[in-house]
Amino acid sequence: MNLFYIVTIIIAYYLTKSTLTYEVPAQWKNPLRWMMISAIVLLTLNTVSLLHNGLHKILSLSMVAGMIFVIFKYPELKRGRPMVYAWLPVIILWLLDSLIAYFLPATYNSWEDYLDVAMVFAFIWAVSLWVVNNRQKKALEIEKVKSLEKEQEFKATSAMKAALEVQVNDRTAALTKQKNELQRTLNELKSAQNQLIHAEKMASLGELTAGIAHEIQNPLNFVNNFSEVSNELLDEMNEEIEKGDLEEAKAIARDIKVNLEKIAHHGKRADAIVKGMLMHSRNNAAQQSPTDLNALADEYLRLSYHGLRAKDKSFNANFKADLAADLPKANVVPQDIGRVLLNLINNAFYAVNECAKQYREAGKEGYAPMVVVASSIIKDKGIDKAKIIVADNAVGIPNAVQSKIFQPFFTTKPTGEGTGLGLSLSYDIIKTHGGELLVDNHAGKDNPAIDERTPVTNKGTVFIIILPFENTVSLPNKTAAAPNKRTKNTRLEDFKNKPK
Amino acid sequence: MKILIVDDEKDVEILFRQKFRKEMKNDKLQLVFAFSGEEALEILGDTNPPSVMYMFSDINMPGMTGLELLSKVKHRFPDLKVSMISAYGDSENHEKAMNSGAQGFFTKPIDFESLKQEINSLL
């Protein structure tokens, strides 16, 4: 009967052993242990023959039967079933053997050999099933372990993916924030640019004011005095009529007519100056219209000169307008081109004045300040274009500086005297009109401002505006155009010495 | 009496000729015009005393200014009477003109009443 104990111990032990994939059910841990211990105790008692043989048989049988019963009754112990299948033949044979030996002792002897052989097979069956079972279990276990590992790997990947997603979200948020900040900065810069452009306009208007005052006083002088003198002439005419000298009366009437024409002429002149001033200060009225560039150049030459004269009593310079009489009207925004001209002319007067100051301070003679504004028609790629030059006979712009003068905020004037925006804005205005603004130093015959009175050390500066008569570039609503790429005056040669 | 008027505005000639038509008619006055400082110096010539008795000059002219002309003329003909006419009635111009020996200083628009008084005082 020891066999039953051993089978019980084996199965119980098998069930109490946890593996990677099998966990002993908690409620069965103790019962299984007690079953094992009691089987061991009984086995020991039996070995030393302390118990009655019959009792012993009943105990061992009920123990193994109870074991088999609970394994089949409770699904959580179904792991033990293959073990039961393995050992069941041995148990049944043993039981059979015992029963035959007890009830049929006569036939037992003739059956014994068969029973022994069956027993051997049953044992082989039990052991091989056990081995196969174990091997299967192990293979299964390895598979399970593998799948567990895969699952863990998958979990780790998912976790990493989630973490990455969070990171990506964070980065996206940071970038969006940065982009918004940049956008805001850009907007602020744009508004600052507009303000600067406006400030520049106002500054140049300030420069103009004195010139405008002078330019208005002169026509007003004529309007007032011509009307006054006409009044006197009318009295005289009446006197002559009364005297009967009709010829003289007629002559006076002719004079009065001339005077009235003069009054109208100078009234219009003052009107044009005021209108020009208003146009100059206006912010967003960029209307292109056919414009007489010669008249514009002449007007701003005078305004600039008188403006500077009014501001600086020591200022003086000679100026000359050499304008092509047949220059067609150009389709431009007059106040914008006016600003460019004013800027260039102011710069030229400033330069010759500085040069004259230096001569005076050094006690030298022989410098006659000169500014020339000239217009002509040139052919550029087969198309007629207007060329306006503003030339002076001052010291000229060094080559190193020439490439920078169209950059915003670049100025050679002392702090506070220049905004550094004039030429930059001028450049943009000319570009928006589809033209070119170029700068060069040219001593001698190339620069019309340089004459025999100019010292040879003076190179003089020439600014050249090339404007198409019809603007092919679409003009935006305001002149605050996006700053154009500054090109060096590489195309200057194209425009030089090319009169029509 | 010969009077020289210097101004870069050409219409000044017509204005003066009409304003002084009576004086010119009865040959009391003779008007000469120059449109720049350089031209004025040419007209005055080199003979001293010059044929011109009185010179009225604008200050604000391209090239030689009226003030430069004043000092040159006063240097060459100390006895020639010169008065300035300017759209700038500020004290700085006024002072400079007076210091350089100007007889008077008239502002634009010209008040011909006072100008006539000035001339009549010489006639």
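Predicted model: local features only at pLDDT ≥ 70, side-chain atom pairs only at ≥ 80, totals over all residues.

Biologist: Then confidence comes first. What is the average pLDDT of chain A, and what share of its residues score at least 70?

Modeller: Chain A averages a pLDDT of 82, and 88% of its residues score at least 70. Look separately at residues 476-500 of chain A, where the pLDDT is below 50. Beyond near neighbours in sequence, that stretch still has 46 contacts in the model.

Biologist: Next, the make-up of each chain. How many helices and strands does chain A have?

Modeller: Chain A has 11 helices and seven strands. It is 500 residues long, and 30% of them count as buried. Now take its contacts with a separation of 6 or more: 77% of them join residues 24 or more positions apart.

Biologist: And in what order do the elements of chain B run?

Modeller: Start at the N terminus and read β-α-α-β-α-β-α-β-α-β-α. That gives six helices and five strands. Chain B has 123 residues, with 34% of them buried. Of its contacts with a separation of 6 or more, 65% are between residues 24 or more positions apart.

Biologist: How do I read strand pairing? Take strand 3 of chain B: which strands does it bridge to?

Modeller: Follow the bridges on either strand and note the direction. Strand 1 (residues 2-6) of chain B runs parallel to strand 3 of chain B, with four bridges. Strand 4 (residues 81-86) of chain B is also joined to strand 3 of chain B, by five bridges, and this pair runs parallel too.

Biologist: Why is strand 3 of chain B described as largely enclosed?

Modeller: Count its buried residues. Four of the five residues in strand 3 (residues 54-58) of chain B are buried, so the rest of the structure largely encloses this strand.

Biologist: Is the pairing of strand 4 of chain A with strand 5 of chain A parallel or antiparallel?

Modeller: Antiparallel, over 10 bridges, with strand 5 covering residues 383-392. Here A:S376 stands opposite A:K387. The two strands form a hairpin with two residues between them, and A:K381 takes a positive phi near 55 degrees. Strand 4 of chain A also pairs with strand 2 of chain A, in the parallel sense, over five bridges. In that pair A:K320 stands opposite A:V372.

Biologist: What about A:I378, and why does it count as partly exposed?

Modeller: A:I378 has 18 C-beta neighbours inside 10 Å, so it counts as partly exposed; buried would take 20 or more. The residue lies in strand 4 (residues 370-380) of chain A. Compare sequence with space as well: A:I378 and A:P468 are 90 residues apart in sequence, yet 9.9 Å apart C-alpha to C-alpha.

Biologist: Now the cores. How many residues does the largest nonpolar core have?

Modeller: It has 58 residues. Those with the most contacts inside it include A:L341, A:I345, A:F349 and A:V352. Helix 8 (residues 334-361) of chain A gives the largest share, 12 residues. Among the residues that A:F349 touches are A:S304, A:L308 and A:V371. A second, separate core has 33 residues, among them B:V6, B:L44, B:V52 and B:A97.

Biologist: How do I tell whether a helix has a buried side?

Modeller: An α-helix has 3.6 residues a turn, so residues three or four places apart point the same way. Now check helix 1 (residues 11-19) of chain B. Its buried residues are B:V12, B:L15, B:F16, B:Q18 and B:K19. They cover an arc of only 165 degrees around the axis, so they sit on the same side of helix 1 of chain B.

Biologist: Last, the interface. How many residues of chain A are in contact with chain B?

Modeller: 23 residues of chain A are in contact with 18 residues of chain B. Helix 5 of chain A gives the most to its side, with 11 residues. By type, the chain A side divides into nine nonpolar, 10 polar and four charged residues.

Definitions and conventions:
Residues numbered from 1 in each chain as written. Chains lettered and ligands numbered in written order. Core = buried A, V, L, I, M, F, W, Y, C linked by C-beta atoms within 7 Å. Buried ≥ 20, exposed ≤ 12 C-beta atoms within 10 Å, placed from the backbone. Contact = placed C-beta atoms within 7 Å. Nonpolar A, V, L, I, M, F, W, Y, C, P; charged D, E, K, R; others polar. pLDDT = per-residue confidence, 0-100. Arc of directions from axis to C-beta. Pairing = 2+ DSSP bridges.
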